[in-house]
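Reader: Hello! I would like a close look at one part of this model, and I would be glad if you could walk me through it in a connected way.

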Amino acid sequence: MTASSGPPDLSYLLDHTSHVLRTKMAAALAELGLTARMHCVLVHAKQEERTQIQLAEIGGMDKTTMVVTVDALEKAGLAERRPSSVDRRARIIAVTEEGARLAERSQRVADRVHREALETLPAREREVFVKALTALAGGALGTPVATPQPTRRARQRAR
């Protein structure tokens with residue numbers, strides 16, 4: 001964080017607190033044998049019939065990460081790939097009974113981690129803080145800006 005007489009370094013504050021929250025969440029979910037991605041897939045696949053692509057979008061995962069995550073869930077007997085009931089070309093991720101039980105437990109863990117983080121604030125500031133973050137996420141910081149790709153120089157042919 002840089003010292004300045006201007007506004008606070010919002011990038012640092014958001015990045016640092018997000019990093020610490022992610023590490024606390026990862027440690028808490030690891031006690032159940034899950035990663036945050038596995039938790040995300042289980043919870044959202046349990047809610048309704050969703051394809052791998054839909055779940056990847058919800059969890060902000062690329063295709064490769066999603067495949068690896070679902071493979072791990074299948075290997076653990078927590079989820080399985082099945083044909084969609086509405087689109088025979090699509091495959092959905094179905095949560096097994098064991099996976100549903102674990103999803104409920106992992107959601108309680110996630111809720112606890114979030115509650116503990118918020119409890120570090122005075123009670124009167126919690127609601128304001130959450131409203132402010134929600135406004136930022138739905139407004140000014142809701143959509144990433146496409147960053148320009150570095151220009152690549154053309155290869156020079158050996159002479």
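How do the residues of the lining of the largest pocket divide into nonpolar, polar and charged?

Author: Happy to take you through it. Please keep in mind that this is a predicted model, with a mean pLDDT of 92 for the protein chain and 94% of its residues at 70 or more. The lining of the largest pocket divides into 18 nonpolar, 7 polar and 3 charged residues.

Let us start with the space itself. The largest pocket has a volume of about 1,000 Å³. Its lining consists of 28 residues, and those closest to the pocket's centre are T17, S18, L21, H114 and A117. Two or more lining residues come from each of the elements α1, α2 (36-47), α5 and α6. The top contributor to this lining is α1, which supplies 12 residues. As for confidence, helix α5 (residues 97-118) has the highest value in the protein chain, at 98, whereas helix α3 (residues 52-59) has the lowest, at a mean of 93.

A nonpolar patch on the surface is formed by L10, L14, F129, V130, L133, L136 and L141, with about 530 Å² of accessible area together. The elements giving two or more residues to this patch are α1 (10-30) and α6 (123-138). Here α6 gives the most, with 4 residues, while L141 lies in the segment after α6.

The structure holds 8 salt bridges. One of them joins the side chains of D71 and R81, at 2.9 Å from N to O. Because D71 sits in helix α4 (residues 63-75) and R81 in strand β1 (residues 79-83), this pair ties together parts that are 10 residues apart in sequence.

Notes: Residues are numbered from 1 along each chain as its sequence is written. This is a predicted model: local features need pLDDT of at least 70, side-chain atom pairs count only at pLDDT 80 or more; totals for chains, interfaces and linings use all residues. Side-chain values use heavy atoms; hydrogens and water are left out. Patches are made of residues with over 30% relative accessible area and no salt bridge: like charges are joined within 9 Å, nonpolar side chains (Val, Leu, Ile, Met, Phe, Trp, Tyr) within 5 Å. Accessible areas come from the Shrake-Rupley method with a 1.4 Å probe; for residues, only the protein chains shown count as cover. A salt bridge is a side-chain nitrogen of Lys or Arg within 4 Å of a carboxyl oxygen of Asp or Glu. pLDDT is the predictor's confidence in each residue, from 0 to 100. On a 1 Å grid over the protein atoms alone, a cavity is a set of points where a 1.4 Å probe fits but cannot get out, and a pocket is an open set with protein on both sides within 12 Å along at least five of seven lines; lining residues have an atom within 4 Å of a point. Grid points are joined across faces, edges and corners, and a volume is the space filled by probe spheres set on the points. Ala, Val, Leu, Ile, Met, Phe, Trp, Tyr, Cys and Pro count as nonpolar, Asp, Glu, Lys and Arg as charged, and the others, Gly among them, as polar.
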